[in-house]
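Notebook open, structure loaded. I'm jotting down what I look up as I go.

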Amino acid sequence: MNKDVVEVQVRAVLPLEGSFAVFLGNEEKVFVIYIDEAVGTAISMFMRGVSKERPLTHDLVGHLLMAFGAKVERIIINNINGSVFHARLIISAENELHTSRKVIELDARPSDSIAMAVQQSAPIFVAKKVWDEVEDVSETLAQIEKRGLEAQQAAEAVKTEGGEEEDDELEELSDEDINTIAGISEDDTDDDEYDDGFGGDDDDEEGEEWKKSDG
């Protein structure tokens, strides 16, 4: 394993108000990137195996790669500039046009890269320099997961008692909900707009630091 990168998994994809929070990490550490709503929805659908009536943008890109005998080999979140993340999409191709396997490296937004990696079950890596810089939010994710489990258990209890049925899907978390769990005040939140197009000019932002609550 290359010591310059760390392999991570998508630990959670949580809907906010107009955006998504993607939690990436391993047993050692977890960090978060805020991405636009369209790509966040795509990642969530890929993770849950949701079928679609018609192919969406990332489905189309995946189909194009397949048509040319190519696939996503891996992605690397390779840089962070302030709160903005950058990534590289590594694609390999092997078909009748090439006598040998060809590897192509493309500059891409982390959100689009993650969506393609999840769609094609490709590994996700983070450059060590980025890994060392990002804030660890493992405790925050654990609290959010605990709250989600408690809500699910409460809904199941209501069904068992013959009450009104609740929707199986967890209720969408608002920015305020996440910030309350993470101990962030309203003044600390990032109100930047997000590009909702595939391969837009803007890279993806990490939310303001997820500070531990004093209480």
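This is a predicted model: local features need pLDDT of at least 70, side-chain atom pairs count only at pLDDT 80 or more; totals for chains, interfaces and linings use all residues.

Started with Gln119, which sits in helix H3, residues 110–119. For the record, helices here are DSSP runs of H or I with at least four residues, strands are runs of E with at least two, and both are numbered from the N terminus. Residues are numbered from 1 along each chain as its sequence is written, and side-chain values use heavy atoms, with hydrogens and water left out.

Next I checked what Gln119 touches. Leaving out residues up to four places away in sequence, I find Phe46, His58, Asp59 and Gly62 (contact means heavy atoms within 4.5 Å). His58 is 61 residues from Gln119 in sequence, yet their C-alpha atoms are 8.2 Å apart. The Gln119 side chain reaches the backbone oxygen of His58 at 3.1 Å.

Then the rest of H3. Nine of its 10 residues are buried, so H3 is largely enclosed by the rest of the structure. I listed the buried ones: Pro110, Ser111, Asp112, Ser113, Ile114, Ala115, Met116, Ala117 and Val118. Just after H3, Ser121 has a positive phi of about 55°.

Moved on to the strands, where pairing takes at least two DSSP bridges between two strands. How many bridges join S4 to S5? I get 10, with S4 (residues 70–81) and S5 (residues 84–93) running antiparallel. Arg74 has Ile90 as its bridge partner in S5. S4 and S5 make a hairpin with two residues between them, and Gly82 in the turn has a positive phi of about 70°.

S4 also pairs with S7 (residues 124–127), in the parallel sense and over three bridges. There, Ile77 has Val126 in S7 as its bridge partner.

Last stop, the surface. Leu60, Leu64 and Phe68 make a nonpolar patch of about 320 Å². I looked up Leu60: it lies in helix H2, residues 57–67, and is partly exposed at a relative accessible area of 47%.

Note on methods: Patches are made of residues with over 30% relative accessible area and no salt bridge: like charges are joined within 9 Å, nonpolar side chains (Val, Leu, Ile, Met, Phe, Trp, Tyr) within 5 Å. Accessible areas come from the Shrake-Rupley method with a 1.4 Å probe; for residues, only the protein chains shown count as cover. A salt bridge is a side-chain nitrogen of Lys or Arg within 4 Å of a carboxyl oxygen of Asp or Glu. Buried means under 20% relative accessible area, exposed over 50%, partly exposed in between (1.4 Å probe, protein chains only). A polar contact is a pair of N or O atoms within 3.5 Å; within protein, one must be able to donate a hydrogen and the other to accept it, and residues adjacent in sequence count only if both atoms are side-chain atoms.
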